[in-house]
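Biologist: I have a structure open and want to learn how to read its surface. Can we go through it feature by feature?

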Amino acid sequence: MTDTTKPEPCRGADIEIIDRSSGDKVPIPSTVRINGVKVPIPSGSSIKIDDIRDDEAVVVTVTMFARRITIHHEDSPAGN
């Protein structure tokens, strides 16, 4: 029997950078969520957001603590 389920289409991540300080003129990120999951970021780390333009994808660079990093090869379904 062949697997007929279609893989989920690729999509970008939902990034939320939240400032919970009290009225500073410059936002200071205190919480970062990726796809709705809060991720811990080191104190004093920077978050870089590349220029936002209508004709390009937005790139965000975040330094965060990782629980697990997995790098591996994955076989693709036949025909891809």
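Biologist: Is glutamate 16 buried, partly exposed or exposed?

Modeller: This is a predicted model. Glutamate 16 has 31%, so it counts as partly exposed.

Biologist: Which residue forms a salt bridge with glutamate 16?

Modeller: A salt bridge needs a Lys or Arg side-chain nitrogen within 4 Å of a carboxyl oxygen of Asp or Glu. Here the partner is arginine 33, with the closest N and O atoms 3.1 Å apart. The pair links distant parts of the chain. Glutamate 16 sits in strand β1 (residues 15-18), arginine 33 in strand β2 (residues 31-34), and 17 residues separate them.

Biologist: Why does arginine 33 count as partly exposed?

Modeller: Because its relative accessible area is 24%, and buried means under 20%.

Biologist: How many salt bridges does the structure hold?

Modeller: Five. One of them joins aspartate 14 and arginine 11, whose closest N and O atoms are 3.6 Å apart. Aspartate 14 is partly exposed at 42% relative accessibility. Arginine 11 has a relative accessible area of 60%, so it is exposed.

Biologist: Which residues are linked in a network of salt bridges?

Modeller: Arg53, Asp55 and Glu56. Within this group, arginine 53 bridges to aspartate 55, with the closest N and O atoms 3.1 Å apart. Arginine 53 is partly exposed, with a relative accessible area of 44%. Aspartate 55 counts as exposed, at 58%.

Biologist: Now the nonpolar side. Which residues form a nonpolar patch on the surface?

Modeller: To join a patch, a residue needs over 30% relative accessible area and no salt bridge. The members here are Ile15, Ile17, Ile49, Ile52 and Val58. Together they have about 430 Å² of accessible area. Take isoleucine 49: its relative accessible area is 45%, so it is partly exposed. Isoleucine 49 lies in strand β4 (residues 47-49).

Biologist: How far apart are threonine 61 and isoleucine 49 in sequence and in space?

Modeller: Twelve residues in sequence, and 6.5 Å in space, C-alpha to C-alpha. Threonine 61 belongs to strand β5 (residues 60-62). Threonine 61 is partly exposed, with a relative accessible area of 43%.

Biologist: Which residues does threonine 61 touch, not counting residues up to four places away in sequence?

Modeller: Contact means heavy atoms within 4.5 Å. By that test, threonine 61 touches Ser46, Ile47 and Lys48.

Terms used: Residues are numbered from 1 along each chain as its sequence is written. This is a predicted model: local features need pLDDT of at least 70, side-chain atom pairs count only at pLDDT 80 or more; totals for chains, interfaces and linings use all residues. Side-chain values use heavy atoms; hydrogens and water are left out. Patches are made of residues with over 30% relative accessible area and no salt bridge: like charges are joined within 9 Å, nonpolar side chains (Val, Leu, Ile, Met, Phe, Trp, Tyr) within 5 Å. Accessible areas come from the Shrake-Rupley method with a 1.4 Å probe; for residues, only the protein chains shown count as cover. Helices (H or I, at least four residues) and strands (E, at least two) are DSSP runs, numbered from the N terminus. Buried means under 20% relative accessible area, exposed over 50%, partly exposed in between (1.4 Å probe, protein chains only).
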